[in-house]
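Here is a note to read alongside the model, written for someone new to looking at structures. Please keep the view open and find each place as it is named.

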Amino acid sequence: MAVSTSPPADLSAALVLEPVAAADWLVILPVAWCLAIGALLVMLRRPIGLHPFIAIAGLAGLVVIDGLLLHHVIASGPVTMVMGRWLPPFGIAFTVDLTGALFALTASVVALAGGVYSLSDINDSGRRYGFYPFLMLLMAGVSGAFLTGDIFNLYVWFEVLLISSFGLIVLGSEREQIDGAVKYGFLNLVATTLFLVTTGYLYASFGTLNMADIARKAEGLRGTAPLMTLTALFLLAFGMKAAAFPVNFWLPASYHTPRVVVSALFAGLLTKVGIYALIRVTVMLLPVEREELSFVIAVIGALTMLVGVFGALAQADFRRMLGYLVISGIGSILAGVAVGGPGGIGGAIFYALHSMLVMTALYFASGVAAKLGGSFSLSSLSGLYRRHAGFAAISLMLAFAVSGLPPFSGFWPKVMLVKAALDIGAWWLAATLLVTGFLTTIATGRFFLLAYWRDTAGGQGATDKAQIPATILLPLGVLTLLTLAIGLYPEPLLATIQSAAAGLSEPSGYLNSVFPGAAR
Amino acid sequence: MEAWFALLVGTFFTVAIYLLLSKSIIRVLLGVAILGNGVNLLIFTGGRLTRGVPPVIQEGADTLTGSAANALPQALILTAIVISFSFFAFLLVLAWRAYEDLSTDNTDEMRVAEPEEEPAPPLGY
């Protein structure tokens, strides 16, 4: 209870009116940029021919902004900007550290690739339906979720990206899409509602929503506040968003129904936002509770991997198989979160970034395969190698990458995760990771065998050489090249990821950025 | 007072989960609406329940005298209400479209995207 004659409050910090440094505006710019371009596209409702060019230019700008932001964060550590100069913990803070900047940059690259791919996948009716405004708003939500430093704000960005994804998933209004969207919509809404419940409990226990403030107050509240309950609820809510077993069923029910480019963007972005939020909350905010729950997370991770890969083995449809591979990747990331330490968290972040690039590229490849072979089904797809050898090579590289084979980007995070798991004696987790990689090789290898090498028997389907338009080959090729480049020369990315993981486990830089000179 | 509200929130959640578990999509939709309101009540209760005590700092004081309800959770609820209402509206339309297109409101029969009799992947060439 406060007394009426309290000492005068120290207002000196609040009365500093220095303008924000120009470089610090980068923190908010990705979100503002996407919203502005999205608004522009909504205003230009009639000239739909302009939409793709504005959106692609906007996404290219987003890549540049996120690249500059990453450069800025590498150079000068975490950056904070507070809305309306309501200093933390009162105002909504946007705080970017290495993890957030890395995820945001990868997301923008994926979105740019999607934007280019959409040129040949989204027709006039899709444009009139508002594909491009939805895409920009989706990116606003994704960027906001990666950059915000406030839990409730994170919830709001989740909803922004969710409502845009609703718009994207029903694009076309086919029967399949409506069916998939019903399951996607309801289950994701329940997940975000769970997140909201947890946020309510969090505020009731901490009295603050600022992530840095929560991180530094958690130690003092450990005896009294129900932090385990909070962590378990966060795990459930974000696990549901990330499609972890046993709350993964919305993903294979819906990801194969929308347009190929929409599936690709969803696979690259949405589950990764969930996993990013999980890493942020469990590793940085509530590390002791993560340690307590590590066995549970490890079991969930192992089961998610196995369910994903067995599901992939059982599928006869290219896109449905990919949906299960997304789930299996989430399991690997969860294994890293469970193991913890620089190796585990670094491996989890690395795997998430790799998965964003590769899963998007694989969905693009599924679209090309369907264009060339006329179907997504494994029983009728055939002879793709004969039709376009270059595309077959790209697909094989992507199949290697998703299975975690060298020399592609999937190899290094898998090495990190297996080593981290062995280091803490979790041999069964390491074994699951390796078995999953092996089974993924079988699933993708069988696919390659049937769809690419099998001859088109009985004269069904064309056998002559096919041309793939540059608007498809370019994003697909660039993502594959990125995968190859990361696999061949992982050193710079690895170093950045390791310091990102260190910054999450020991968030003094993050705290200092939000509360200058006051980090305890 | 808080204890009664906690029970009320619990009742909301019970009803919501019961409805969410049903097969009929309209009942699921009602469950979603009730769940959203239950969460709002929960956050409201978390911000202290005091009647007729506006959080106004008296003249000459720097802090509140006595305890008043926290205004921030109420602001959070306002945000959450807007969001959950818009989602409810979208899902309502989606459910209607699903009923029109799939001519069923039973989620068990919505198998267009995931057919019951799926072909197994080919075992050989």
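**Notes on the predicted model**

1. Val79(A) has its place in strand 1 of chain A, which covers residues 79–82. Is Val79(A) buried or exposed? Because 22 C-beta neighbours lie inside 10 Å, and 20 or more are needed, Val79(A) counts as buried.

2. Chain A as a whole. The chain has 22 helices and two strands, and its C-alpha atoms fill a box of roughly 90 × 60 × 40 Å, taken along the principal axes. A compact globule of 520 residues would have a radius of gyration near 24 Å, and the 23 Å of chain A agrees with that. Buried residues make up 62% of the 520 residues in chain A. Among the contacts in chain A between residues at least 6 apart in sequence, 80% join residues at least 24 apart.

3. Helix 3 and helix 15. Two packed helices are described by the angle between their axes and the distance between the axes. Helix 3 of chain A (residues 98–121) packs with helix 15 of chain A (residues 341–373) at an angle of about 5 degrees, and their axes are 10 Å apart. Because angles under 35 degrees count as roughly parallel, helix 3 of chain A is roughly parallel to helix 15 of chain A. The residues that helix 3 of chain A brings to this meeting include Leu102(A), Thr106(A), Val110(A) and Tyr117(A), while those from helix 15 of chain A include Ile349(A), Leu353(A), Met356(A) and Phe364(A). By class, this contact has ten nonpolar, five polar and one charged residues.

4. Helix 14 and helix 15. Helix 15 of chain A also meets helix 14 of chain A (residues 318–339), and here the axes come within 8 Å and cross at roughly 175 degrees. Which way do helix 14 and helix 15 of chain A run relative to each other? An angle over 145 degrees counts as roughly antiparallel, and therefore these two helices are roughly antiparallel to each other. Their contact has 14 nonpolar, eight polar and one charged residues.

5. A helix with buried residues. In helix 8 of chain A (residues 211–221), the residues Met211(A), Ala212(A), Asp213(A), Ile214(A), Ala215(A), Arg216(A) and Ala218(A) are buried. Both Asp213(A) and Arg216(A) are among them, and these two belong to the charged class. What covers the buried residues of helix 8 includes strand 2 (93–96), helix 6, helix 7, helix 9, helix 11 (260–285) and helix 22 (508–514) of chain A.

6. Backbone details to check. Most residues other than glycine have a negative phi, and most peptide bonds are trans. The peptide bond from Phe245(A) to Pro246(A), however, is cis, with omega near 0 degrees, and Pro246(A) is found in the loop between helix 9 (227–242) and helix 10 (250–254) of chain A. Ala243(A) has its place in that loop between helix 9 and helix 10 as well, and its phi is near 65 degrees, a positive value in a residue other than glycine. Ala243(A) counts as buried, because it has 29 C-beta neighbours inside 10 Å. A further cis peptide bond runs from Pro406(A) to Pro407(A), again with omega near 0 degrees, and Pro407(A) is found in the loop between helix 17 (389–403) and helix 18 (411–423) of chain A.

7. A positive phi in chain B. Ser103(B), in the segment after helix 3 (71–102) of chain B, has a positive phi near 45 degrees. With 9 C-beta neighbours inside 10 Å, Ser103(B) counts as exposed.

8. Where the chains meet. How many residues of chain A are in contact with chain B? The contact joins 37 residues of chain A with 43 residues of chain B. On the side of chain A that touches chain B, the elements giving two or more residues are helix 6 (151–169), helix 7 (175–206) and helix 10 of chain A, and helix 7 gives the most, with 17 residues. By class, this side of chain A has 22 nonpolar, ten polar and five charged residues.

Technical notes: Residues numbered from 1 in each chain as written. Chains lettered and ligands numbered in written order. Predicted model: local features only at pLDDT ≥ 70, side-chain atom pairs only at ≥ 80, totals over all residues. Helix = DSSP H or I, 4+ residues; strand = E, 2+ residues; numbered from the N terminus. Buried ≥ 20, exposed ≤ 12 C-beta atoms within 10 Å, placed from the backbone. Contact = placed C-beta atoms within 7 Å. Axes fitted to C-alpha atoms, helices over the stretch in contact; angles between N-to-C directions. Parallel < 35°, antiparallel > 145°, perpendicular 65-115°, else oblique. Rg over C-alpha atoms; globule rule 2.2 N^0.38 Å.
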